Amino acid sequence: MAVAEVTRELVVPVRRERGLWADAFYRLLGNRLAVAAGIYIILLVLTAVLADVIAPYDFGVTHLKDNYAPMGTKYWLGADDLGRDIFSRVVYGARVSIAVAIVAATVSLIIGITYGLISGYLGGRADEFMMRVVDFIYGLPLIIVVILLQVYFKALARRGEAAGLVGVAIRVDVAFGGLFFVFVAMGALNWIGMARIARGQVLSLKEKEFIEAARMVGASFPRIVFRHLLPNILGACIVQETLQIPGYIMLEAFLSFIGLGVNPPTPSWGIMIQEGYQALRSYPHVLFPPAIALSLTVLAFNFLGDGLRDAFDPRLRGAR
Amino acid sequence: MGRYIVRRILVSIPVLLALTFTVFALMRSIPGGPFDFAGDKSLPASVVQNLARKYHLDEPLWKQFVRYLVGDFVDTLDIRDFGKGGLLRGDLGMAMRQRGRTVNEIVADSFPISAQLGILAVALSVLLGIPLGTIAALKQNTWIDYTATFAAVLGVSIPALVMGPFLQWLFALKLEWLPVATWGAKPPFLLGFIPKPDLAFISHAILPTLALGTAFSAQIARLTRASLLQVIREDYIRTARAKGLRERAVIIRHALKNSLIPVVTILGPLFAAVVTGTFVVEHIFGIPGMGKHFVQSIGNRDYSLIQGVTLIYAVLLVIMNLIVDITYAWLDPRITYK
């Protein structure tokens with residue numbers, strides 16, 4: 001693989017007029033696994049958006065006479081303990097997984113980049129202090145904090161009516177099946193790695209001539225950040241975030257599995273795996289569809305993350 | 001080095017205290033308390049009141065927290081009582097939902113079992129991951145490398161949540177080779193956590209260890225491969241070969257040791273992930289470890305048990321991270337701690 005690619009890079013001169021992003025994009029297209037993973041993820045997002053059209057049944061409708069129906073023409077992947085169509089529930093379950101990926105990743109990106117940028121740009125004492133704080137948080141069992149926060153938010157939402165902003169937040173939470181707060185919490189607690197990467201990038205960039213030149217001609221701090229620093233560190237940060245997404249998806253599935261996740265009957269792959277696990281002895285067909293969907297999705301994000309990393313920085317090929 | 005370790009420990013004390021207070025306040029602000037239900041029935045209001053008084057839940061939050069830290073000193077303010085009870089003394093209090101049991105007893109019973117599972121999983125991931133990654137790197141771009149690399153990505157991507165039930169279904173229910181659930185070792189343990197390695201222990205441990213350890217061994221294999229590939233191209237490896245060392249000595253003594261440095265850095269997050277993983281795996285396999293207590297105590301609102309278990313996990317992580325950092329310095333002489 002490497003040999004073939006090295007020769008190709010030697011023979012075909014790199015077109016310099018392409019920017020960093022376009023360059024990375026073309027390199028990504030050369031990675032067949034990453035492309036397949038990307039297509040899978042796009043299809044998954046479409047599935048989540050179009051779940052109402054794709055799913056033959058509503059996710060909550062029970063057909064008690066058909067409980068544990070096997071795979072067949074009526075229920076493609078069979079039915080669960082309440083006679084709910086498993087295929088439809090897997091389709092709707094994609095919504096939760098995609099939502100956690102988007103919300104947690106966005107929150108983590110914003111906090112991490114902001115923190116890392118400020119820390120790296122200020123440098124000196126402030127930088128040292130901010131990195132100490134990061135070291136502290138790094139040593140905490142964050143998963144436990146996420147679980148406790150989730151219990152807290154769930155109880156809060158169950159208490160119901162609240163006025164003003166809290167009321168709006170609770171309504172958003174209900175729309176997300178009771179998971180919105182915890183998605184935000186996951187992102188808000190998982191920015192450590194991001195902050196470290198952003199800081200490292202800024203530290204190495206801010207001594208470069210083009211930043212110095214920008215400062216020399218009197219560019220303001222926001223201009224330096226948004227015009228010069230951010231575009232250059234964003235690639236590395238997005239790669240890092242993509243590699244964290246499988247963790248978010250698995251954490252959501254785990255929370256739902258132990259009953260701290262989505263509110264039933266909203267389907268999540270985690271809750272469906274829990275149901276399949278309960279029926280494992282007699283009806284293993286309930287377990288496999290959500291289990292395969294979850295594993296494939298995590299696999300796809302891993303392949304895409306690896307592909308993106310290689311595309312942005314070919315020297316790191318195969319690292320991690 | 002000694003001063004560094006002492007400073008790290010001193011620094012982690014306020015962090016742990018802050019965490020304890022956060023959990024303390026968070027749990028008490030959640031609607032619902034430990035005595036809302038006894039089984040399916042709800043308790044009469046007078047009983048709930050008396051129980052709340054017994055566990056001092058009717059006191060202001062700050063007083064409860066100080067009591068949690070220093071015990072009855074908060075009432076007597078007699079200096080001779082200071083440090084007689086409470087967290088300072090290592091007393092985690094009475095469990096609220098398991099009558100008559102202290103949190104210390106529950107932790108003492110369940111922690112060794114979680115530790116056994118965790119140690120087995122880490123051992124599996126190191127013993128499987130490092131050789132696999134080394135072989136893949138040495139046979140780079142052969143079918144062996146491709147197979148190992150692909151298997152590793154696959155392994156990383158299958159969550160314990162899926163792996164556990166699948167292993168149960170295949171090896172316990174279909175093939176009936178191994179027991180479906182529970183843990184084979186019972187206290188007392190040698191040195192507090194080493195079980196007797198008899199058939200019951202081994203047969204019960206295989207599936208949970210695989211469920212927990214597969215993803216980690218895959219992760220370590222990938223990391224070892226990548227890092228070894230980089231190290232092999234270094235000048236000192238060429239020097240070692242040039243002076244006529246045998247290939248085996250070059251790889252093991254010169255390349256592998258240095259390539260393990262990034263692997264050690266991942267051990268910190270790995271231990272954290274093992275802790276999370278034990279929640280899942282103990283739940284799936286019905287193993288009476290600390291993770292099971294943690295998940296249960298949250299549903300039960302057993303305040304003292306939640307606090308105790310959280311604190312144990314936090315202390316564990318702090319110690320693990322410290323060990324990782326020390327190992328790091330030992331492997332890479334360029335790193336010094338002051």
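In what order do the elements of chain B run from the N terminus on? They run α-β-β-α-α-α-α-α-α-α-α-α-α-α, which comes to 12 helices and two strands, where helices (H or I, at least four residues) and strands (E, at least two) are DSSP runs numbered from the N terminus. This is a predicted model, in which local features need pLDDT of at least 70 and side-chain atom pairs count only at pLDDT 80 or more, while totals for chains, interfaces and linings use all residues. Residues are numbered from 1 along each chain as its sequence is written, and chains are lettered from A and ligands numbered from 1 in the order in which they are written.

The C-alpha trace of chain B spans about 80 × 55 × 35 Å along its principal axes. Of its 338 residues, 38% count as buried, a residue being buried if 20 or more other C-beta atoms lie within 10 Å of its own, exposed if 12 or fewer, and partly exposed in between, with C-beta atoms placed from the backbone.

Within chain B, the axes of helix 5 (residues 103-138) and helix 11 (residues 290-300) come within 7 Å and cross at roughly 125°; axes are lines fitted to C-alpha atoms, for helices over the stretch in contact, and angles run from 0 to 180 degrees between N-to-C directions. Helix 5 and helix 11 of chain B are therefore oblique to each other, since angles under 35 degrees count as roughly parallel, over 145 as roughly antiparallel, 65 to 115 as roughly perpendicular and the rest as oblique. Helix 5 of chain B brings B:Ile106, B:Val107, B:Ser110, B:Phe111 and B:Ser114 to this contact, and helix 11 of chain B brings B:Met290, B:Gly291 and B:His293, where two residues are in contact if their C-beta atoms, placed from the backbone, lie within 7 Å.

The contact between the chains takes 38 residues from chain A and 41 residues from chain B. On the side of chain A that touches chain B, helix 7 (142-158), helix 12 (221-257), helix 13 (269-278) and helix 14 (288-312) of chain A each supply at least two residues.

In chain A, A:Arg32 is found in helix 3 (residues 32-49), and A:Arg32 counts as exposed because it has 10 C-beta neighbours inside 10 Å.
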